[in-house]
Amino acid sequence: MHGEYKVPDGKLVVVDLDVREGRLADVRVSGDFFLEPDDALEVLGEALAGVARDAPVASLVQVLDDALTLAQEQGRVAGPVAMVGFDTRAVAVAVRRALGLSTGWSDHEFTLLDPGVLPPAMHTALDQVLTEELAAGRRGPTLRFWEWQEPAVIIGSFQSLANEVDAEAAARHGVTVVRRVSGGGAMFMEAGNCITFSLVVPPSLVDGMSFEDSYTFLNQWVLGALADVGVRATTTGLNDIASPAGKLAGSAQKRLASGGGAVLHHVTMSYDIDADKMLEVLRIGREKMSDKGTRSANKRVDPVRSQTQLPREQVIAAFVAHFRARYRTVDGALRPEELERARELVATKFTDPAWTARVP
């Protein structure tokens, strides 16, 4: 069995192994990384022999770390071990990929959905439905860009409605408030003023990653797409994307453990936001802004339009083209039963005041 893992901004780790009676055997670690002293490479392979085939990444990392520490204490390796361009977690992920328990982008075919203009509550319902469908094995990895008409605020699953939204201002501006299933902060969304997409993937794609690592990992293609339209961006903090001029986007996740599991990852990116209206509708306090290095939300929001000078539709088209060029992607459509389930959730959950105000 053969597995490879390219460390983000690092080196390639390759693992070849066999499995006998449910346990790892003949484990061989290689790659273009740097490792000192040379003897440590043999320690890595030997340490994994006999480990259970289904051992999670954390257990594999512990085995490898303990083996390196013991080898140094026993004098089997001369001096401290230096791992450059990789670490024991990278080895563990390569092992899991060899076993088919951890996957890479190239192992999947992604479906691109374009359901057209839908109410914001329908988009949040589709997030839940498509995530559940993947977990149940009825759908593969899916990318979907949002289009809508009515202005909305989409609040995070755990946010206080009263603390986040000025109800009077929202009513005055005709803004609908919807609570989504993922955590994170509020999204102020007027048609044409932001770019929002949802990506649903199997948990094997982020196998062994912390939440913070998975945000960075799943946002890497977004940085490439932004570069295509002339925006130099990086991930920052836990879940933000920023350019040198300021914050561009925020992302959020929801993970399902039921069935085969699934990860919902979505991003909202400012395009041409009405900051004054946003400040009226959203209660953005000083504490929220304190770690952003700014005194006003106007400075915190740096629209994509100002940096690209491109129509929103052209920016989205560039994002889609970048994703297609990077990963195997096919066009698809929502199944009738998925639409029916989403409509049911809109009526019973996402437009129900009990859900919207579940954290008052």
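A residue counts as buried when its relative accessible area is under 20%. In this predicted model, Val200 has a relative accessible area of 3%, so Val200 is buried. Val200 sits in strand E11, which covers residues 194-201. Beyond its neighbours within four places in sequence, Val200 is in contact with Leu130, Thr131, Leu134, Pro141, Thr142, Val263 and Leu264. Arg144 lies 56 residues from Val200 in sequence, and their C-alpha atoms are 8.8 Å apart.

Helix H13 comes next. It spans residues 312-326, 15 residues in total. From first C-alpha to last, H13 reaches 21 Å, close to the 21 Å expected at 1.5 Å a residue. Its buried residues are Arg312, Val315, Ile316, Ala318, Phe319, Val320, His322 and Phe323.

Now the charged side chains. The whole structure holds 16 salt bridges. One of them joins Asp26 to Arg20 at 2.5 Å, N to O. Asp26 is partly exposed at 38%, and Arg20 is partly exposed at 47%.

Arg305 and Asp272 form another salt bridge, with their closest N and O atoms 2.6 Å apart. This pair links distant parts of the chain, 33 residues apart. Arg305 belongs to helix H12 (residues 304-308), while Asp272 lies in the loop between strand E15 and helix H9. Arg305 has a relative accessible area of 41%; Asp272 has 35%. Arg305 is partly exposed, and Asp272 is partly exposed too.

Arg335 and Glu338 meet at 3.0 Å, N to O. Arg335 is partly exposed at 22%, whereas Glu338 is buried at 1%. Both belong to a network of salt bridges that also links Glu133, Arg138, Arg139 and Glu337.

Definitions and conventions: Residues are numbered from 1 along each chain as its sequence is written. This is a predicted model: local features need pLDDT of at least 70, side-chain atom pairs count only at pLDDT 80 or more; totals for chains, interfaces and linings use all residues. Side-chain values use heavy atoms; hydrogens and water are left out. Helices (H or I, at least four residues) and strands (E, at least two) are DSSP runs, numbered from the N terminus. The expected span of a helix is 1.5 Å times one less than its number of residues. Buried means under 20% relative accessible area, exposed over 50%, partly exposed in between (1.4 Å probe, protein chains only). Contact means heavy atoms within 4.5 Å. A salt bridge is a side-chain nitrogen of Lys or Arg within 4 Å of a carboxyl oxygen of Asp or Glu.
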